[in-house]
Amino acid sequence: MPLEADGALVVNGPTSVLNCHRHRLVKRMMASTLAFPRTLIQASSGAPPTAAQLETLAPGGRTVWIKRGDVHAERREDVVETALDDVSSTLTAFAQRNIAWVALQQHVPGPVVKFYAVADGRFFRWYGADTGFGSEPPEIDEDRLRALAFDAAALLGLEVFGGDVAFPAADHPVLIDLNDWPSFAPFRADAAGAIAEYIQDRIENRTTA
C-alpha cells in the first residue's frame, strides 16, 4: 500500500485485493445493482441466525451455503452447503478453526460456470463448473456473463480476476464469487501471455502519458 501511495504501478492494487475478502465483497455487491445472492455476514461464534433470517436466505428451501467470511476458499471445508437444521453445528466448526466471520448465502439454482479475465477484455474464458473443462458447456448467454463479470470487477477495482456465476435461467447470471489473481486453470498458458501483455501496455502507457 505505501508503494501504491507513492505512485508505483500496481496491477490489482491492495484495495482491490482487500475488496475480495468476502465480508467486503458482500457489502459492495449488495449495495450495487448487480445480481448477487442474499447473504448474511456474522460472527461464527455468535448466536445462530434466527428462523426469520434463515427464511430470508432460504425461502421454502432446505439448505444455505456457509462460507468463510474473510479470504477465498482454501480448502473444502471453507464453503459448505448446509441443511438449515445443521447451521449451528456448521458455525461451530468454523469457529473451532479460528475463522471468526462467516457468510451465510442463499442457494442459487442452475448450472455454475467458472470464468477468468483481464480487465480490458483481451482475455476472457469460462467453462461449466459441474461438467468441467473439455466437456459440453451449459447453454448460457455469454454476453450477459461477460457483462456481469466485468462490471463486478470494475466495482471492486480488479484488473486480473476470476469467479463463479450461477444461472437460474440461461439469460440471468448471478455472481456468487469473485477473486483476485485466480488460478486461471485450465487456461494458464494463454492467460500468462495476456497478463504479461496487459502489464507491459500499462507500463508503456504510463511512460508516454
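User: What covers the buried residues of helix 6?

Analyst: The cover includes helix 2 (14-19), helix 3 (22-30), strand 5 (112-118), strand 6 (124-128), strand 7 (160-169) and strand 8 (172-180). Contact means heavy atoms within 4.5 Å. Helices (H or I, at least four residues) and strands (E, at least two) are DSSP runs, numbered from the N terminus. This is a predicted model: local features need pLDDT of at least 70, side-chain atom pairs count only at pLDDT 80 or more, and totals for chains, interfaces and linings use all residues. Residues are numbered from 1 along each chain as its sequence is written, and side-chain values use heavy atoms, leaving out hydrogens and water.

User: Which residues of helix 6 are buried?

Analyst: They are Leu 145, Leu 148, Ala 149, Phe 150, Ala 152, Ala 153 and Leu 156.

User: How do you know that the span of helix 6 agrees with its 15 residues?

Analyst: The expected span is 1.5 Å times one less than the number of residues. For residues 142-156 that gives 21 Å, and the end C-alpha atoms are 21 Å apart, so the two agree.

User: Why is Asn 12 called buried?

Analyst: Buried means under 20% relative accessible area, exposed over 50%, and partly exposed in between (1.4 Å probe, protein chains only). Asn 12 has 4% relative accessibility, so it counts as buried. Asn 12 is in the loop between helix 1 (2-5) and helix 2.

User: What makes Asn 98 exposed?

Analyst: Its relative accessible area is 72%, so Asn 98 counts as exposed. Asn 98 also has a positive phi of about 60 degrees, although it is not a glycine.
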